[in-house]
Amino acid sequence: MTSQKDRVCNTIDPKFTTKGLEANALTTIELAAQTFASFFPYSWNFIYAKNIDRTSKPEWKTETRYPITGRRLYDYWADNETLIGVRFDSQTEYAMLDIDKGSPYHPHNNHEKFKTVLQALEEIGLVRPLIVQSSQSEGLHIYYPLWQEVPSFGIACAIKACLQKNNCEIASGVIESFPNTKKYDSEYNGHRLPLQTGSYQLDNDLQIIGRDLNQFVETWLTVQEQQDIDLLKQAIAEAKANYQPPKDNRKTIQWREDLEKQIEAGWTGKGQSNQLLYYMGKYARVFMGCEEIEAIAEYITKTARAAAGFIKYCGDINRLEQKAKDIAKWCMKHHFPWGSKKEEQTNEQGEDIENKKAQKQAERLERIRTTVNELNKTGEMPETIRGMAQAIAKAAKVSVETLYENKQLWHPEFTETSNSTNTNNSAPSPTAIAPPIKQAETHTEKTVTEKALYKALAASETPLRGQELPKFADVDFQVSTNLPKSQQKTSDPMWIETHGRLSPPKAEISKVPISQNLSPKTANADCLRPYEPPKSEPISAIGSRIGYLKALLETPILRRSKSASEIANLQAELERLERDRQTYSSP
């Protein structure tokens with residue numbers, strides 16, 4: 001007999017669902033193994049092979065029935081009789097190049113070409129590699145760990161475009177990129193995990209270090225901080241905009257031949273005019289590349305009159321020109337010249353997309369406001385800027401980029417300024433401001449200042465990459481202007497500089513001499529003060545809803561997506577909430 005307590009529990013407990021379950025959440029006890037498994041989080045469609053005959057090429061198989069957990073990934077990795085590999089999800093925190101031993105870009109065959117590959121990737125922000133020997137075949141896997149997620153297809157496009165720009169061949173057995181530029185409905189290529197049988201970590205001179213997992217994890221975490229994510233994102237945006245998918249010439253030829261044969265056969269009976277005229281317009285638009293309605297219409301008219309059976313069966317002889325224009329307009333809207341990009345949209349489609357984007361942006365901002373209030377209210381807001389950004393992004397389910405585009409909602413620098421403005425309306429006390437020093441700030445001077453500033457900051461207080469440096473008081477940070485000369489490269493072609501670059505980045509060396517008077521507002525002892533979150537009252541649920549309604553009603557692009565009755569209801573709700581808030585707040 002079911003007790004009263006059991007009946008209550010059964011009515012309260014939510015139903016079980018597999019939504020949100022992650023196989024990689026099951027990890028091992030060892031911290032190094034947990035961290036290693038987290039580097040390769042995509043658990044579906046993993047690859048595996050038996051490692052019994054270690055002299056021949058493995059026979060890889062793909063497991064599609066179930067995802068692999070973090071602990072099983074490590075177990076297979078530690079098993080000398082098994083090889084394990086992974087694929088990529090839509091987002092990734094690393095990229096990798098595979099260079100076989102027989103490739104002309106392998107350093108044993110041509111170290112200058114190998115050096116060219118590494119220098120080329122520096123141009124897109126992949127500055128510091130982590131190199132391992134992939135297997136007994138002595139091929140190389142060149143990893144580029146990242147400290148922030150990027151689109152997998154985007155970084156694949158960026159790497160491919162960068163290497164092709166520098167005349168590097170991308171092909172199987174030469175240079176393979178992971179992730180790869182794939183078809184829309186296919187999986188990314190899989191690769192074996194590092195440090196399995198026959199695989200070793202290499203140093204900057206490509207000498208074997210060993211297979212110690214702790215050392216590999218430590219190197220991975222160190223290297224990922226050296227990558228230039230801002231430059232990489234810029235390269236990804238450019239590469240995706242210019243990416244052209246490979247053409248299937250066989251399908252193209254077949255499609256063109258089919259259209260030509262249909263047009264050549266002409267009319268064989270009544271009721272065929274619409275279909276034939278449409279084929280003619282499609283052929284003119286796609287394969288002849290006509291860019292104007294008049295050109296497509298003219299081709300349809302001339303081709304139709306010359307086609308077989310036109311006089312006998314075509315029922316549109318008297319209105320052929322008007323019909324040709326109507327079909328030409330349709331073809332211009334729905335078809336594009338072969339090899340071009342579908343960049344054109346109608347005004348209605350563009351407006352609908354903008355409405356949806358604005359609606360989603362308003363929802364994201366509302367989630368950020370609510371999350372900040374909850375974290376401040378519960379005292380779970382981290383003290384560091386980086387910790388705050390990560391906590392808010394995770395709870396609000398937004399990207400870090402979205403947070404930094406809306407700093408006014410959470411960043412202490414903006415919230416403190418806003419609070420001080422709201423609470424103190426008196427004139428600010430006069431402060432002694434040093435006169436501005438007119439000088440040209442060189443890149444070298446900026447580097448010296450920022451290095452000194454980051455050195456003064458504690459590890460937990462270091463700002464995120466791309467984040468503006470804290471604005472300190474007008475006190476110069478004294479740095480010696482007698483800077484030592486930059487260290488010259490050694491004669492060893494495989495030597496990698498201290499900062500992980502094989503060559504200095506382009507356009508970084510300024511010809512302007514270093515000024516003796518460093519610019520003000522660089523750094524001072526205030527950077528050592530611990531962060532104190534702003535002491536502000538949390539926004540109530542009513543206040544949050546009022547803010548959302550105001551943003552919705554005051555934004556024209558959002559108002560257009562609502563009917564008159566919906567706007568009236570929203571306005572009435574806003575007025576009612578404002579009256580309720582005034583009633584509750586009054587003594």
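Guide: The model is a predicted one. A search through the whole structure finds 14 salt bridges. In general, side chains of opposite charge can pair when their charged atoms come close.

An α-helix has 3.6 residues a turn, so residues three or four places apart point the same way. K302 counts as exposed because its relative accessibility, 55%, is over 50%. E298, with a relative accessible area of 42%, is partly exposed.

A salt bridge also joins R305 to E321, at 3.9 Å from N to O. This pair links distant parts of the chain: R305 belongs to helix α10, whereas E321 belongs to helix α12 (residues 320–334), and 16 residues separate them. R305 has a relative accessible area of 47% and is therefore partly exposed, while E321, at 51%, is exposed.

In the pair K550 and E578, the closest N and O atoms of the salt bridge are 3.5 Å apart. K550 sits in helix α18 (residues 541–554) and E578 in helix α20 (residues 564–585), so the bridge ties together parts 28 residues apart in sequence. Both residues count as partly exposed, K550 at 32% relative accessibility and E578 at 30%.

Salt bridges also link D316, R319 and K323 in a network.

D98 makes a contrast with these pairs. This residue is found in strand β4, residues 91–99. D98 is buried yet has no salt bridge. The nearest side chain of opposite charge belongs to R192, 7.6 Å away; a salt bridge requires the nitrogen and oxygen to be within 4 Å. The side chain of D98 does have a polar contact of 3.5 Å with the side chain of H141. Leaving aside neighbours within four places in sequence, the residues in contact with D98 are L140, H141, V174, I175, E176 and F178.

Strand β8 (191–192) is one of four strands in an open, antiparallel sheet with the order β2-β1-β3-β8. The edge strands are β2 (61–62) and β8, each pairing on one side only.

Note on methods. Residues numbered from 1 in each chain as written. Predicted model: local features only at pLDDT ≥ 70, side-chain atom pairs only at ≥ 80, totals over all residues. Heavy atoms only, no water. Helix = DSSP H or I, 4+ residues; strand = E, 2+ residues; numbered from the N terminus. Buried < 20%, exposed > 50% of the residue type's maximum accessible area, 1.4 Å probe, protein only. Lys, Arg positive; Asp, Glu negative; His and termini not counted. Polar contact = N/O pair within 3.5 Å; in protein donor to acceptor, adjacent residues only side chain to side chain. Contact = heavy atoms within 4.5 Å. Pairing = 2+ DSSP bridges.
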